[in-house]
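Here is a walk through one protein model. Keep the 3D view open and follow along.

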Amino acid sequence: MSFNDSLPAYFGSFIGYLIGVLTGLIMVPLALHFQALFKKVSIYSAGFTSGMLCTMVAGICRMFGFDIELRAIVSKGSNLPLVIMMVSLSLLMIGYGLAMAVKRKRLNMRAIWSHSGKIEYDILRESGVYNTMINMGLMGLLLMSYVSMLGVNLNGPIAGAMFCVIGFSACGAHVFNALPLFAGVLLANTMNIYAMTETVTVTAAIFAMMLCAVTNAYGWKGGMIVGFIHTSMVLNIDVLHGGLNLYNNGFSGGLVAMMIIPLLDFFSQIADTSIFKRKKQSGGKEKVTYQATSKE
């Protein structure tokens with residue numbers, strides 16, 4: 001709004017800064033409310049909140065004839081320095097965290113790998129800074145392995161996405177709950193019409209780690225499902241907000257969680273309350289018995 005050609009510079013700047021102040025004012029209460037909609041399984045709840053706000057603003061702008069063009073400007077030619085930086089940073093965190101954890105006898109990665117992955121828990125406080133650093137470094141190497149496997153050249157958005165995921169690895173994302181999500185993303189990428197090496201496709205795969213809590217709660221199958229659906233959503237959802245929301249993946253992840261979590265709960269209840277269940281009888285024989293699925 002500040003640099004809109006349809007408005008005078010002074011008026012556009014005033015409107016733009018006013019919208020910025022109002023957005024910052026209402027972001028916190030809205031983000032806290034939206035977390036309850038997807039049971040806090042999406043780490044990037046602020047991204048979903050900003051997506052909802054930007055969708056509303058984009059609709060208002062289009063109603064008054066303002067044209068919002070999607071932008072796709074990325075840097076090129078900095079692959080080697082970025083690769084060296086990301087790998088060095090990951091190895092540095094792993095090496096320092098491992099050395100200090102062993103020295104102080106606080107090495108306990110199992111506590112991190114058994115974490116729920118929900119945003120409400122802080123593994124930095126619960127598992128210690130050194131174990132958390134090891135986990136962040138391992139996630140960095142995992143992301144670099146994925147990018148290298150595809151032969152993608154690093155640029156600003158991809159490196160920024162990797163830094164974001166590494167940072168949020170202090171909130172529950174780790175290698176074991178991330179792998180099913182990657183599997184779902186890879187499955188979607190092999191079936192869709194988009195190139196796997198495009199920036200938007202690579203960042204979609206990286207940011208899918210926001211839904212790591214789904215893997216912890218529903219197993220690897222749940223992780224694959226949300227990874228697959230997130231890919232299809234994020235590649236098309238920017239039409240809603242016109243690119244005004246930089247956290248496009250956070251918006252998509254929140255919508256996926258809102259739609260898929262109730263279904264996963266529903267099918268889990270069906271599996272747990274099956275009509276026919278086998279019960280072992282004395283003598284080693286099994287008998288099929290009927291059990292009511294509703295409250296008596």
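Predicted model: local features only at pLDDT ≥ 70, side-chain atom pairs only at ≥ 80, totals over all residues.

Tyr130 is buried, because its relative accessibility is 13%, under the 20% cut-off. In the pair of Tyr96 and Tyr130, the ring centres lie 6.3 Å apart and the planes stand at 65°, so the pair is edge-to-face. This pair ties together distant parts of the chain. Tyr96 sits in helix 3 (residues 79–103), Tyr130 in helix 6, and 34 residues separate them.

Now step back to the whole fold. The protein has 12 helices and two strands. Read from the N terminus, the order of elements is α-α-α-α-α-α-α-α-α-α-α-α-β-β. Of the 296 residues in the protein, 41% are buried. Take the contacts with a separation of 6 or more: 71% of them join residues 24 or more positions apart.

Which helix is largely enclosed by the rest of the structure? Helix 9 is, because seven of its nine residues are buried. Those buried residues are Thr201, Val202, Thr203, Ala204, Ala205, Ile206 and Phe207. The cover over them includes helix 6, helix 7, helix 8, helix 10 and helix 12.

Take helix 7 from that list. Two packed helices are described by the angle between their axes and the distance between the axes. Helix 7 (residues 156–168) and helix 9 (residues 199–207) pack at about 5°, with axes 9 Å apart. The two helices are therefore roughly parallel to each other. On the helix 7 side, the contact is made by Pro157, Ile158, Ala161, Met162, Cys164 and Val165. On the helix 9 side, Thr199, Val202, Thr203, Ile206 and Phe207 meet them. By class, this contact has nine nonpolar residues, two polar ones and no charged ones.

Helix 8 comes next. Helix 8 (residues 175–191) has 17 residues. From first C-alpha to last, helix 8 reaches 24 Å, close to the 24 Å expected at 1.5 Å a residue. Its buried residues are Val175, Asn177, Ala178, Pro180, Leu181, Phe182, Gly184, Val185, Ala188 and Asn189. They pack against helix 6 (129–150), helix 9 and helix 10. An α-helix has 3.6 residues a turn, so residues three or four places apart point the same way.

Look across to helix 10 (residues 212–234), where Thr215 lies. Is Thr215 buried or exposed? Thr215 counts as buried, because its relative accessibility is 9%. Leaving aside neighbours within four places in sequence, Thr215 is in contact with Phe176, Asn177, Pro180, Leu181, Trp220 and Gly223. Asn177, Pro180 and Leu181 are among the buried residues of helix 8.

Helix 2 (residues 45–63) and helix 12 (residues 248–272) pack at about 100°, with their axes 7 Å apart. Helix 2 and helix 12 are therefore roughly perpendicular to each other. Gly47, Phe48, Gly51, Met52 and Thr55 come from helix 2. They meet Gly250, Phe251, Gly254, Leu255 and Met258 in helix 12. By class, the contact of helix 2 with helix 12 has five nonpolar, five polar and no charged residues.

Finish with two loops. Ser75 is found in the loop between helix 2 and helix 3. At 40% relative accessibility, Ser75 counts as partly exposed. Which residues does Ser75 touch, not counting those up to four places away in sequence? Ser75 touches Asn155 and Gly156. In sequence, Ser75 and Asn155 are 80 residues apart; in space, their C-alpha atoms are 5.5 Å apart.

The other loop, between helix 3 and helix 4 (109–113), holds Lys105. Lys105 counts as exposed, because its relative accessibility is 78%. The phi of Lys105 is near 55°, a positive value in a residue other than glycine.

Notes. Residues numbered from 1 in each chain as written. Heavy atoms only, no water. Helix = DSSP H or I, 4+ residues; strand = E, 2+ residues; numbered from the N terminus. Buried < 20%, exposed > 50% of the residue type's maximum accessible area, 1.4 Å probe, protein only. Contact = heavy atoms within 4.5 Å. Axes fitted to C-alpha atoms, helices over the stretch in contact; angles between N-to-C directions. Parallel < 35°, antiparallel > 145°, perpendicular 65-115°, else oblique. Nonpolar A, V, L, I, M, F, W, Y, C, P; charged D, E, K, R; others polar. Expected span 1.5 Å × (residues − 1). Phe/Tyr/Trp six-rings, centres within 6.5 Å; stacked < 30°, edge-to-face > 60°.
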